[in-house]
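Please look over the structure below before reading on. The text that follows leads through it step by step, beginning with the chain as a whole.

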Amino acid sequence: MKIAFVGKGGSGKTTLSSLFIRHLATSGAPVIAVDADINQHLGPALGLDETEAAALPALGERLPLVKEYLRGSNPRIASADQMIKTTPPGEGSRLLRVREDNPVYDACARPVELDGDVVRLMVTGPFTDADLGVACYHSKTGAVELCLNHLVDGRGEYVVVDMTAGSDSFASGMFTRFDITFLVAEPTRKGVSVYRQYKEYARDFGVTLKVVGNKVQGQDDLDFLRAEVGDDLLVTVGHSDWVRALEKGRPPRFALLEDVNRRALYRLREAVDATYELRDPERYTRQMVHFHLKNAQSWGNERTGVDLAAQVDPSFVLGESAVAAV
């Protein structure tokens, strides 16, 4: 199952995504955690110190390796240089699976221990001095989209992505790659404005969107969120001494998380698992091809004079339909 956490900057989406990752890991479920935010905070939220977090391998810096592995023997892709962030898999492409070892995970993922449980953590990597003024952050998050397009995940397997703040994920087709998107919103006008924007942009793409109210301090906050987001409000989270200790770098055992917040995490997982039966392979594949054709046409014409869109044959695309074989 593929899960995205989005929200306004400072809404608490990284904290909540890290709590959900810990919750999944404690059940023994296989989890891949991905930090796709320009501000790389997921590692520290999972308990890494600054030195450990800074040493994580960056997906964006290993994009040639990722492309070469995923390309496989696909005859429609002459070289890895012709792959872009939206390139879908085709006949001969290699796929990624949650429970396997492969060169992409070897190079780009690191195990993180959480109270005896282990998750794989992948990060896009922060901006470097060489990037400033000349690079777009989507060149880094494109590695995440490419991996998601080639990922086969089944029931009880989880990929949790901490996304960029606001509605920035709509700069690519990555927002359609998830079974469910949790939008973390504070009970403020600014907090729900991102929800409205996200809801509007995603309206025509069948995105399953649920709101997680964060920093909710009382009935008035709860009533405000209910009035603003209606039935999309899934659950709310309030103050947590456990989270405060985590933010100070001294996280207690996860078993000591407050019961009310633990119940909220259970509710999130129930919502995730319920979306498995809603998977629509045809729509998933159609959207994959749609966004690739748009990106390939532009990229090919501008940079190489080659129409990369011609490489795509929808009859060979392997998208969510591959999940049925797992």
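Of the 326 residues in the protein chain, 55% are buried. The model shown here is a predicted one. Its accessible surface comes to about 14600 Å², and carbon and sulfur atoms account for 49% of that area. The secondary structure consists of eleven helices and ten strands. Among contacts between residues at least 6 apart in sequence, 73% join residues at least 24 apart.

Eight strands form an open sheet in the order E4-E5-E2-E7-E1-E8-E9-E10, and the pairing is mixed. At the edges are strand E4 (109–114) and strand E10 (233–237), each of which pairs on one side only. From one strand to the next, the twist averages 25 degrees. In general, the strands of a sheet pair through backbone hydrogen bonds, and the pairing can be parallel or antiparallel.

E4 and E5 form a hairpin with two residues between them, and Asp115 in the turn has a positive phi of about 55 degrees.

E5 also pairs with E2, here in the parallel sense and over four bridges. In this pairing, Asp35 has Val123 of E5 as its bridge partner. E2 is joined to E7 as well, by five bridges, and these two strands run parallel. There, Val31 stands opposite Tyr158 in E7.

How many residues of strand E2 (residues 31–35) are buried? Five of the five are, so the strand is largely enclosed by the rest of the structure. In a regular strand, side chains alternate between the two faces of the sheet. In E2, Val31, Ala33 and Asp35 point one way, while Ile32 and Val34 point the other way.

The next step along the sheet is from E7 to E1. Strand E1 (residues 2–7) and strand E7 (residues 158–162) run parallel and are joined by four bridges. Lys2 stands opposite Val159 in E7.

Helices pack on this sheet. Helix H7 (residues 189–202) touches E1, strand E8 (180–185) and strand E9 (209–214), and its direction makes about 155 degrees with that of E8. Helix H10 (residues 259–274) lies across E1, E7, E8, E9 and E10, running at about 155 degrees to E10.

Helices also pack on one another. H7 and helix H8 (residues 219–229) have axes 11 Å apart and pack at an angle of about 25 degrees. Angles under 35 degrees count as roughly parallel, so H7 is roughly parallel to H8. The crossing of these two helices is right-handed. On the H7 side, Arg189, Val192, Tyr195 and Arg196 meet Phe224, Leu225, Glu228 and Val229 in H8. In an α-helix there are 3.6 residues a turn, so residues three or four places apart point the same way.

The pairing of helix H1 (residues 13–26) with H10 has another geometry. Their axes come within 10 Å and cross at roughly 80 degrees. Because angles from 65 to 115 degrees count as roughly perpendicular, H1 is roughly perpendicular to H10. Here Leu19, Phe20, His23 and Leu24 in H1 meet Leu265, Tyr266, Leu268, Arg269 and Val272 in H10.

Helix H4 (residues 63–71) has the buried residues Leu63, Val66, Lys67, Tyr69, Leu70 and Arg71. After H4 comes Gly72, whose phi is positive, near 55 degrees. Ile77 lies in the loop between H4 and strand E3 (96–97). Is Ile77 buried or exposed? A residue counts as buried under 20% relative accessible area, and Ile77, at 4% relative accessibility, therefore counts as buried. Ile77 and Thr87 are ten residues apart in sequence, and their C-alpha atoms are 9.5 Å apart in space.

The last stop is Glu145, which has its place in helix H6 (residues 138–149). With a relative accessibility of 3%, Glu145 counts as buried. Which residues is Glu145 in contact with, leaving aside its neighbours within four places in sequence? They are Lys85, Thr86, Ser172, Gly173 and Met174. Glu145 and Met174 are 29 residues apart in sequence, yet from C-alpha to C-alpha they are 5.6 Å apart in space.

Technical notes:
Residues numbered from 1 in each chain as written. Predicted model: local features only at pLDDT ≥ 70, side-chain atom pairs only at ≥ 80, totals over all residues. Heavy atoms only, no water. Pairing = 2+ DSSP bridges. Axes fitted to C-alpha atoms, helices over the stretch in contact; angles between N-to-C directions. Contact = heavy atoms within 4.5 Å. Buried < 20%, exposed > 50% of the residue type's maximum accessible area, 1.4 Å probe, protein only. Areas by Shrake-Rupley, 256 points an atom, 1.4 Å probe, with all protein chains shown as cover. Parallel < 35°, antiparallel > 145°, perpendicular 65-115°, else oblique. Left-handed = near helix turned anticlockwise from the far one by under 90°.
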